[in-house]
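Open the model in your viewer and keep the selection panel at hand. The tour moves from stop to stop.

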Amino acid sequence: MSDSVFLAGDENWWRQAVVYQVYPRSFKDSNGDGLGDIKGITSKVDYIAELGVDAIWLSPFYPSALADGGYDVADYRDVDPKLGSLADFDEMIKAYHSKGIRVFVDVVPNHSSDLHVWFQEALASEPGSAARDRYIFRDGKGENGELAPNDWPSHFGPTAWTRTTNPDGTPGQWYLHLFAPEQPDFNWDNQEVIDDFKKTMRFWSDRGVDGFRIDVAHALKKDMSEPYPYIENYDVKHIPLDGSHHLFDRDDVMEIYRGWREIFNSYDPPRVAVAEAWVPAARRPRYASPETLGQAFNFDLLAAPWSARKFKKSIEFNLDLSEKSGSSSTWVLSNHDVIRHATRYGLPKKTDYEKWVMTDGTSPELDRELGLSRARAATMLVLALPGSTYMYQGEELGLFEVADLPGQVLQDPIWLRDGKTRKGRDGCRVPLPWEKGGSSFGFGTGSAHLPQPAWFAGYSVEFEEAQEDSTLKLYRAALKLRKELLTDENLEFVDSKRKVVHFVRPNGWHNITNFGKKPIALPAGSVQLTSAPLVDGKLPGNATAWITE
Ligand code: NOJ
């Protein structure tokens, strides 16, 4: 491989980077089979470059039976043939690097696919064998082992245990899967597992990958000793601060990450990583330390309602926290697991989003205009904050959740596993609209793997390219300006009205976000960009302005 595939440069590039999440199967289909693919991602390099982000992060593109959208990985060091080949991947990375755009890949270390060669080997091997020790197999309870070892739930409902069938057809042991049955959990006390993931980290780093997003980074290490504790659910609020939970955020998970850090630091520039760790905020710095993964997702704003007080509190708290860990903060408003933020902000406070999706998005009523204004304002606000921003494909078009997907097209395991009581996450994973028309709005030449609604036409790239005030144009302008205005990681809040968040960066770059309804007067200075047009020189409600002194 030629050296040009590697991107050199400042080793702190990630501290204030803007990272664009690509959900490969729904980004761009290059061969008309309805699934987005690697060549599709390569074909959009100019679009991403024009958008102005620093890096892309690819959700899993590895061989997978898609029991959980690719988070069931059958081979960690290959590309799913449905999405392309390793050669296509190399081409893709070269294309992005040639524009100075870095590439993150997603690593899923808590569990593999049940089709992974190791799991198949484990099923064919005896209880107590070395092959079974790579996963978490246990005998069942009850007279004939017919009861699950314990009553732990799965994230996707209902149980975290599935019974195996022995090669001779008799019922066998049970295995643990905190997610779908097709996602057996690894045993991270097993040396082969430890070594194999190090190999994976080197494999992608050698191919020029700049960073890794680590899936469920707080799981991995487990205390499987009996008696098993009762665990009602996996809500973060039940995770204690002392690392004593049997399944999550155990102290010794850091041993794994210290091992990976040695590998990351053996590259120039060091490879970087960001942890998806749903842990109490006070424990986040452990994942974000320079000795471990270096950065951790902060999902606080993604979970926060549209409130100046909550945003301000969360910003203060997280800036302080990231300073303590020696990292920079991360800001996230949307990703492939949650309802799109233009929709969240257009629904009444305290709406239960899962229930709302179950009504096909009819009740309560969505106020699209309000949702989009707030989404645009929120995006500008986070882009003005110190630290890095992770944005999700389609948010630059102001896409809303597709809430009316019918049951028969849903792919998320949550739908079937939870007895069709929750539709799951497909509504934010509908393939992107690139054009105003065509069989799949330019996503591919055939139909898309999830149906796209008619209103996508008015949110397509082609449509928004032609509108001066489109969300796409706003993102481009904000990202360009951010590059020019970016300064060190300091910020000071400026006294403001209760419903306003006003802060200034050291070079006099002011962000003013009006969370209220009434227009507010802006301070003196030069208005660089606003998320909505000024009204008689004032900033309207649900809008953000950037001003320089
Ligand atoms: C978190 C990922 O973001 C989500 O999509 C996935 O279902 C789970 N981890 C399990 O891998």
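About 60 Å³ of space lies in the second largest cavity. A cavity here is a set of points on a 1 Å grid over the protein atoms alone, where a 1.4 Å probe fits but cannot get out; lining residues have an atom within 4 Å of a point. Grid points are joined across faces, edges and corners, and the volume is the space filled by probe spheres set on the points.

Before selecting, note that this is a predicted model: local features need pLDDT of at least 70, side-chain atom pairs count only at pLDDT 80 or more, and totals for chains, interfaces and linings use all residues. Residues are numbered from 1 along each chain as its sequence is written, and side-chain values use heavy atoms, with hydrogens and water left out.

**Stop 1: the second largest cavity**

Select H341, A342, A375, E395 and G398. Of the 13 lining residues, these are the closest to the centre of the second largest cavity. Now colour helix 10 (341–344), helix 12 (368–384) and helix 15 (471–485); each supplies at least two lining residues. Helices (H or I, at least four residues) and strands (E, at least two) are DSSP runs, numbered from the N terminus. Helix 12 gives the largest share of this lining, 4 residues. By class the lining has 5 nonpolar, 5 polar and 3 charged residues. Ala, Val, Leu, Ile, Met, Phe, Trp, Tyr, Cys and Pro count as nonpolar, Asp, Glu, Lys and Arg as charged, and the others, Gly among them, as polar.

**Stop 2: the largest cavity**

The whole structure holds 4 cavities of 30 Å³ or more. The largest has a volume of about 90 Å³. Select R284, A288, A296, L321 and S322, the closest to its centre of the 13 residues that line it. Helix 7 (284–288) and helix 9 (308–325) each supply at least two lining residues. Helix 9 has the largest share, with 4. The lining of the largest cavity divides into 4 nonpolar, 8 polar and 1 charged.

**Stop 3: F317**

Stay on helix 9, where F317 sits. F317 counts as partly exposed because its relative accessibility is 38%; buried means under 20% relative accessible area, exposed over 50%, and partly exposed in between (1.4 Å probe, protein chains only). Not counting residues up to four places away in sequence, F317 touches A281 and D300. Contact means heavy atoms within 4.5 Å.

**Stop 4: helix 6**

Select residues 253–265. Helix 6 has 13 residues and reaches 19 Å from its first C-alpha to its last, close to the 18 Å expected. The expected span is 1.5 Å times one less than the number of residues. Its buried residues include Y257, W260, R261 and F264. Among the elements covering the buried residues are helix 5 (191–206) and strand 8 (272–275).

**Stop 5: backbone details**

Move to the loop between helix 6 and strand 8, which holds P269. The D268 to P269 peptide bond is cis, with omega near -5°. Another cis bond joins S363 and P364, with omega about -5°. P364 lies in the loop between helix 11 (353–358) and helix 12.

Which phi values are positive in L220 and K350? L220 has phi near 65°, and K350 about 70°. Are they buried or exposed? L220 is buried, because its relative accessibility is 1%. K350 is exposed, with a relative accessible area of 85%.

Terms used. On a 1 Å grid over the protein atoms alone, a cavity is a set of points where a 1.4 Å probe fits but cannot get out, and a pocket is an open set with protein on both sides within 12 Å along at least five of seven lines; lining residues have an atom within 4 Å of a point.
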